[in-house]
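Visitor: I have not seen this structure before. Please show it to me and take me through it with questions and answers.

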Amino acid sequence: MFIKLAIIPSIFLLLVASILLKFSPIIIILLIIMTILYLLIYSDFSLIVNLKDYNLDWVSPTVVIKQGMPVFITMFGGWIFCILIDAVGYFLTKILSGYIITIIVFIILLIIAYIIHNYLKNKGTKLLKEI
């Protein structure tokens, strides 16, 4: 559900920024794919955290959403991950061009998405069966 709600505004804002900043079509395509990869990583990470620290004893759904540790970990983990990606890009600008940095970050996101997805596919199903 998160991806359906977040992907449309994220891509829209990305396209507007890309047009205003006059990015090349290749970079725009890479940035769209990177946005989708980030959202997949974020949602898969959220699933992993919720599978490891689940709460089935609650009075209302608001308690689970507002006061759950998985929500806290996922939210701040996503922010830290975003800051790390930005820091890598910032420090690499002194050495490499923007095109190469975009490709490097794209490859890193692709690898992380693959690892997290495989973890969910293999170990995540076992964790779900244990609940």
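**Core, surface and fold**

Visitor: Which residues have the most contacts inside the largest nonpolar core?

Guide: The model shown here is predicted. Its largest nonpolar core has 19 residues. Those with the most contacts inside this core are Met34, Ile41 and Leu109.

Visitor: Which helix gives the most residues to this core?

Guide: Helix α2, residues 25–52, and helix α5 each supply at least two residues of the core. The greatest contribution, nine residues, comes from α2.

Visitor: How many helices and how many strands does the chain have?

Guide: From the N terminus on, the elements run α-α-α-α-α. The count for the chain is therefore zero strands and five helices.

Visitor: What percentage of the residues of the chain count as buried?

Guide: A residue counts as buried when its relative accessible area is under 20%. The chain has 131 residues. The share that counts as buried is 28%.

Visitor: Which residues make the nonpolar surface patch of about 760 Å²?

Guide: One of its members is Ile73, found in helix α4, residues 69–92.

Visitor: Is Ile73 buried or partly exposed?

Guide: The relative accessible area of Ile73 is 35%. Partly exposed covers the range between the buried limit of 20% and the exposed limit of 50%. Because its value falls in that range, Ile73 is partly exposed.

Visitor: Which helix contributes the largest share of the positive surface patch?

Guide: The patch is formed by Lys52, Lys123, Lys126 and Lys129. Among them, Lys123 is found in helix α5. The largest share, three residues, comes from the helix spanning residues 98–130, which is α5.

Visitor: What is the relative accessibility of Lys123, a member of that patch?

Guide: Lys123 counts as partly exposed, so its value lies between the buried and exposed limits. The computed relative accessibility of Lys123 is 41%.

Visitor: Is Glu130 exposed or buried?

Guide: Glu130 lies in helix α5. Its relative accessible area is 61%. A residue counts as exposed when this value is over 50%, so Glu130 is exposed.

Visitor: What distance separates the C-alpha atoms of Glu130 and Leu51?

Guide: Glu130 and Leu51 are 79 residues apart along the chain. In the predicted model, the separation of their C-alpha atoms is 9.5 Å.

How values were computed
Residues are numbered from 1 along each chain as its sequence is written. This is a predicted model: local features need pLDDT of at least 70, side-chain atom pairs count only at pLDDT 80 or more; totals for chains, interfaces and linings use all residues. Side-chain values use heavy atoms; hydrogens and water are left out. Patches are made of residues with over 30% relative accessible area and no salt bridge: like charges are joined within 9 Å, nonpolar side chains (Val, Leu, Ile, Met, Phe, Trp, Tyr) within 5 Å. Accessible areas come from the Shrake-Rupley method with a 1.4 Å probe; for residues, only the protein chains shown count as cover. A salt bridge is a side-chain nitrogen of Lys or Arg within 4 Å of a carboxyl oxygen of Asp or Glu. Lys and Arg count as positive and Asp and Glu as negative; His and the chain ends are not counted. The place of a charge is taken as NZ of Lys, CZ of Arg, CG of Asp or CD of Glu. Helices (H or I, at least four residues) and strands (E, at least two) are DSSP runs, numbered from the N terminus. Buried means under 20% relative accessible area, exposed over 50%, partly exposed in between (1.4 Å probe, protein chains only). A nonpolar core is a set of buried Ala, Val, Leu, Ile, Met, Phe, Trp, Tyr and Cys residues joined through side-chain atoms within 4.5 Å.
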